[in-house]
Amino acid sequence: MSEFDKIIGYKDVKTELIRLCDIVKNADKYKEMGVSLPCGLILDGKPGVGKTLMANCFVKESGRKAFVCRKNKPSGEFVKEITDVFTKAVENAPSIIFLDDMDKFANADERYKNTEEYVTIQSCIDETRGRDVFVVATTNGTDNLPFSLVRAGRLCVLKIMVPKGDDAYEIVKYYLSKKKYVANINVEDIVRLLNGESCATLETVIDIAGQYACFANKKEIDADDLIRAFLRVVYNAPESTTPSNRSVLEHVAYHEAGHAVVAEILEEGSVDLVSVRNNTGVTQGFTVYHNYDDYSVSQTRTENRIIALLAGRASIELVFGRVDMCADRDLRRAFELVESFVNDFCAYGFGYSEGPVTSPSRLLMKENRVTAELELYYARAKKILVENRPFLEMLAQHLMEKDTLISSEIQKIKEQF
């Protein structure tokens, strides 16, 4: 069994790690072809994506004597430790050095990247070149590292992204396989909720779901436990944040149902979750839209999002005949998206863009066009809600009864109409 089998998902990353590890293990084969061996590798990505696990797998699979370096001393002493680690690695070559959380080795910033710690690492790498010492490092970002350290020829950078799609599915299934859970849990629903979250978040949500189940003296984890854990960990929205006042609950339910109905009518499956709970203490109620890979480049999906954002306000106007005083964040986001269409992407013609030279007349034209487009999008949102009023009513009622609905539950309600 390969050490890399411990890495769940991340097929492309594993392929690259296996290739680099083969170079480390079979250096002579590459030298015979005249290939220059790399000095080292940086695994870079957000906290919790599994970089340390990957690095440890690489170290163990290499079969080399390993030396680990972590920042645990004041700067002066730590610089000496870096030098000592490289010296020991040379004495025990072929060897491998693991620089864990290298971006925390020094308090560097954009202006002062060449701190003593990074200068020392760079010097040590250059001095050990050709002496059969390989360096593996992990970082949460390379922005504050000297460019000369991460340039091609020294430490190549392998970007580790948060798991999405198939990777997220494999990781969720793996963590669930370690727990007792009911057989009818819809793994696809859970993956949709956790798509784009770090591996650490995925594991934590499933662990906390198990804690909820055990505390309730259940024999197995069920879907409700997982949803509770997701709301608690990702959105800091425990049960206690559901409105207790009936009129507030009704207002929030119809507002969020408006978002969900319009989004689902425009594109089925575009809502992962809708809730009336308080989201991180900021907004009362929230809708989680599906994280499409092509959202940032799809005009249609962005326009659908604008219409769905306006639908919360439209729902309150339609049902209660009053202005929604809780739609400010939705409106700001809708304005931002439409303004980007008009000004940045010239989606409605070049004449409305501010261009390189801004004039009062061009600004006025842009503002008028943004307002006109928003009015059209808002009218479309209201039309969809009027045409799908029974769907809106039933979704709002379910939200008032259950407080949170996930994708499969929304689809079941929609199928009735």
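Before counting, I noted the rule that rings of Phe, Tyr and Trp (its six-membered ring) pair if their centres lie within 6.5 Å. The model I am reading is predicted, and in it I find nine aromatic pairs.

I looked up Phe58 and Phe134, which form a stacked pair with 5.5 Å centre to centre and 20 degrees between the planes. Phe58 belongs to helix 3 (residues 51-62) and Phe134 to strand 4 (residues 133-139), so this pair ties together parts that are 76 residues apart in sequence. Phe58 is buried, at a relative accessible area of 1%, and Phe134 is buried as well, at 4%.

I then turned to Phe78 and Phe105, whose pair is edge-to-face, with 4.8 Å centre to centre and 85 degrees between the planes. Phe78 lies in helix 4 (residues 75-91), while Phe105 lies in the loop between strand 3 (95-99) and helix 5 (116-127), so that the pair links distant parts of the chain, 27 residues apart. I also noted that Phe4, Phe58 and Phe134 form one aromatic cluster.

Next I asked which residues have the most contacts inside the largest nonpolar core. In this core of 57 residues they are Tyr10, Leu17, Phe58 and Val172, and helix 9 (residues 199-215) gives the most to the core, with eight residues. A second, separate core has 43 residues, including Val276 and Ile410.

Last, I looked for charges over rings, and found the charged end of Arg228 over the ring of Tyr212, 3.9 Å from its centre, and that of Arg301 over the ring of Tyr292, 3.7 Å from its centre.

Conventions: Residues numbered from 1 in each chain as written. Predicted model: local features only at pLDDT ≥ 70, side-chain atom pairs only at ≥ 80, totals over all residues. Heavy atoms only, no water. Core = buried A, V, L, I, M, F, W, Y, C linked by side-chain atoms within 4.5 Å. Buried < 20%, exposed > 50% of the residue type's maximum accessible area, 1.4 Å probe, protein only. Helix = DSSP H or I, 4+ residues; strand = E, 2+ residues; numbered from the N terminus. Phe/Tyr/Trp six-rings, centres within 6.5 Å; stacked < 30°, edge-to-face > 60°. Lys NZ or Arg CZ within 6 Å of the ring centre and 35° of its normal.
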